[in-house]
Amino acid sequence: MAKLIVYYAHPGQRHSHANREMSRVAREIASITFVDLYAEYPRSDIDIDREQQRLLDHEVILFQFPLFWYSTPSLIKEWQDLVLEHGFAYGSGGDRLKGKRMMLAISAAGPQDAYAKSGYQRFPLRTFLTPLEQTAILCEMEFTPPYVLYASLRAPGDGRVTPHAEAYRTLLEAVRDDRFDFAAAAAQDVPTFETLPVRQKAL
């Protein structure tokens, strides 16, 4: 069984549909750690020692958030700046996260075809996530392609929130139970709920 921690960051979650449902699902799953960063640190007073210990105690670190201006919500960046210290996460002697995995579960307001050279966002979604991917590499972690809900603002009206959230449950349980195929996921640019590489439970 893998030790999984989910860091959830959404500054406007009371207005959310998709992320709020995803976070509800994540909270229900036994034997994983769920952290609501905005609830825990409403004044951004991040406890560095506590967060570093959380990272040491888990093998898979997953960040769940809505894409804000092509990046993370600000509290995740603050968390990174403070917690991923030189000598801990990178640099001389900074190998404490080596071999751990970083995963992302994000929502994007734009449709999938917007995130292409020919789309109005002009770049693939993975391009906007390059800083997180490189952070994982610098910390000697394994980066997994993100689990994404596109056109998230329209998702409640077209019935995609529930299947997406339930597939998120499947993803988290599979990671916890060592049934998530990370090699297969790495071969996908952006997995969706139809293409999650999850092995079936043993009978």
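**A serine in a loop, and the fold around it**

Leaving aside residues up to four places away in sequence, serine 92 touches His86 and Gly87. This serine belongs to the loop that runs between helix 4 and strand 4 of the predicted model. Is serine 92 buried or exposed? With a relative accessibility of 63%, serine 92 counts as exposed, since the cut-off for that label is over 50%. A step of 13 residues along the chain leads from serine 92 to alanine 105, and the C-alpha atoms of this pair are separated by 31 Å.

The protein chain contains eight helices and six strands, and their order along the sequence is β-α-β-α-α-β-α-β-α-α-β-β-α-α. The C-alpha trace spans about 50 × 45 × 35 Å along its principal axes. Of the 203 residues, 50% are buried. Contacts also reach across the sequence: among those between residues at least 6 apart, 72% join residues at least 24 apart.

In helix 4, which covers residues 74-83, the buried residues are Leu75, Ile76, Trp79, Gln80 and Val83. These residues sit on the same side of helix 4, because they cover an arc of only 145° around the axis. An α-helix has 3.6 residues a turn, so residues three or four places apart point the same way. Which elements do the buried residues of helix 4 pack against? Their partners are strand 1 (4-8), helix 2 (37-40), helix 3 (48-57), strand 3 (60-66) and helix 6 (130-138).

Helix 1, at residues 18-28, has Ala18, Asn19, Met22, Ser23, Val25 and Ala26 as its buried residues. Viewed down the helix axis, these fall within an arc of 160°, so they line one face of helix 1. The cover over them includes strand 1, strand 2 (33-36), strand 3, strand 4 (101-107), strand 6 (147-149) and helix 7 (161-176).

Glutamine 52 lies in helix 3, one of the elements that the buried residues of helix 4 pack against. Its relative accessible area is 10%, so glutamine 52 is buried, the limit for that label being under 20%. Beyond residues up to four places away in sequence, glutamine 52 touches Val83, Glu85 and Phe88; Val83 is also among the buried residues of helix 4.

Alanine 114 is placed in the loop between strand 4 and helix 5 (125-128). Although in a loop, alanine 114 is buried, with a relative accessible area of 1%. With residues up to four places away in sequence set aside, Gly119, Tyr120, Gln121 and Arg122 are in contact with alanine 114. Arginine 43 and alanine 114 are 71 residues apart in sequence, and their C-alpha atoms are 35 Å apart in space.

Notes
Residues are numbered from 1 along each chain as its sequence is written. This is a predicted model: local features need pLDDT of at least 70, side-chain atom pairs count only at pLDDT 80 or more; totals for chains, interfaces and linings use all residues. Side-chain values use heavy atoms; hydrogens and water are left out. Helices (H or I, at least four residues) and strands (E, at least two) are DSSP runs, numbered from the N terminus. Buried means under 20% relative accessible area, exposed over 50%, partly exposed in between (1.4 Å probe, protein chains only). Contact means heavy atoms within 4.5 Å. The arc is that of the directions from the helix axis to the C-beta atoms.
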